[in-house]
Amino acid sequence: VVFTVKKTHLTTMTQNGERPATCKHRRGRDMVYPILGVLLNAGVVGIAMSKVGQFRHSRQIQGPSMEAHEDLSDEDKHRWQRIQRAQINTVEWFSLTSPVFLGGALMSKKAFGAYGKYITRFLGVCSISNALYRYKYLQAYIDQADTRTKYFHEIEGIFWTALTVSITVCLDLIYKDLKCVVHAYKNRNT
């Protein structure tokens, strides 16, 4: 590979003088990461719902009942409550985190121009990581409730980081809008 410098940019050439294949097809795909994370989070919600359905079917709990039968053992009643709470918790977190991941990712390119793609990718990594830890949290919540704390702290850290980044993106856009309004107001008579 030979490197040559032309006026303003570095060009890479192969030995026979051809340009190597580039990744032009990657343009505009930065939203894939946050969307994949949200889809994975939706998958975790689906898993939580299927866990409720499986337990309900195995213990003949009639839907839409939220209460376990009186004839179930205390251990089964307790497990039923954990499974239901895990499902509700998963749905709550999904509805809380999805706008944070998608909203910040959608607006980051407008806020920070070419550098916005890195914010979009970062929020995508946060979204995918959130799905992974939500799944681990779901399993721990159902099987061993005492072990879920470490996963919750990971999820909480991811959420607050993504929320801070998304708010920063919004504040940057609001600042730019206000700057334009002030500029237009100052120059209205000129």
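Trainee: In what order do the elements run from the N terminus on?
Mentor: The order is β-β-α-α-α-α. That comes to 4 helices and 2 strands. Keep in mind that this is a predicted model.

Trainee: Got it. How much of the protein is made up of buried residues?
Mentor: The protein has 190 residues, and 31% of them are buried. Its accessible surface is about 12,600 Å², with 61% of that belonging to carbon and sulfur atoms.

Trainee: And the contacts, what share join residues at least 24 apart?
Mentor: If you take contacts between residues at least 6 apart in sequence, 64% join residues at least 24 apart.

Trainee: Where does Leu-39 sit?
Mentor: Leu-39 belongs to helix H1.

Trainee: Is Leu-39 buried or exposed?
Mentor: Leu-39 counts as exposed, because its relative accessible area is 54% and the cut-off for exposed is over 50%.

Trainee: Okay, new topic. How many salt bridges are there?
Mentor: The count is 5 salt bridges. As background, side chains of opposite charge can pair when their charged atoms come close. One of the bridges joins Arg-121 and Asp-30, with the closest N and O atoms 2.9 Å apart.

Trainee: Which parts does that pair tie together?
Mentor: Arg-121 is in helix H3, residues 116-143, and Asp-30 is in the loop between strand E2 (9-13) and H1, so the bridge links parts 91 residues apart in sequence.

Trainee: What about burial for those two?
Mentor: Asp-30 is buried, at 8% relative accessibility. Arg-121 is partly exposed, at 24%.

Trainee: Which residue does Lys-176 form a salt bridge with?
Mentor: Lys-176 pairs with Asp-172, and their closest N and O atoms are 3.2 Å apart. Both residues lie in helix H4, 4 residues apart, which is about one turn of the helix. Lys-176 is partly exposed at 32%, whereas Asp-172 is buried at 18%.

Trainee: Why does Asp-172 count as buried at 18%?
Mentor: Because buried means under 20% relative accessible area, and Asp-172 has 18%.

Trainee: Clear. Which residue does Glu-92 form a salt bridge with?
Mentor: Glu-92 bridges to Arg-85, with 3.6 Å between the closest N and O atoms. Glu-92 is partly exposed at 40% relative accessibility, and Arg-85 is partly exposed at 34%.

Trainee: Tell me about Arg-85, what is it in contact with?
Mentor: Leaving out neighbours within four places in sequence, Arg-85 is in contact with Glu-92 and Tyr-141. Arg-85 is in helix H2. Its C-alpha is 9.7 Å from that of Val-52, a residue 33 places away in sequence.

Trainee: I also spotted Asp-76. Where does it lie?
Mentor: Asp-76 lies in helix H2 too, and that helix covers residues 74-112. Asp-76 is buried, with a relative accessible area of 17%. Beyond its neighbours within four places in sequence, Asp-76 is in contact with Phe-55 and Arg-59.

Trainee: Which residues line the largest cavity?
Mentor: The lining is made of Asn-41, Val-44, Val-45, Thr-90, Trp-93, Phe-94 and Arg-134. Helix H1 (32-58) and H2 are the elements that give two or more residues to that lining.

Trainee: Last one, the surface. Which residues make the nonpolar patch?
Mentor: Ile-167, Leu-171, Ile-174 and Leu-178 make a nonpolar surface patch of about 380 Å².

Trainee: Where is Ile-167 found?
Mentor: Ile-167 is in helix H4, which covers residues 149-186. With 43% relative accessibility, Ile-167 is partly exposed.

Trainee: Thanks, that helps a lot!

Key:
Residues numbered from 1 in each chain as written. Predicted model: local features only at pLDDT ≥ 70, side-chain atom pairs only at ≥ 80, totals over all residues. Heavy atoms only, no water. Patch = residues over 30% accessible without salt bridge, like charges linked within 9 Å, V, L, I, M, F, W, Y side chains within 5 Å. Areas by Shrake-Rupley, 256 points an atom, 1.4 Å probe, with all protein chains shown as cover. Salt bridge = Lys/Arg side-chain N within 4 Å of Asp/Glu carboxyl O. Buried < 20%, exposed > 50% of the residue type's maximum accessible area, 1.4 Å probe, protein only. Contact = heavy atoms within 4.5 Å. 1 Å grid on protein atoms, 1.4 Å probe; cavity = no way out; pocket = protein on both sides within 12 Å on 5 of 7 lines; lining within 4 Å.
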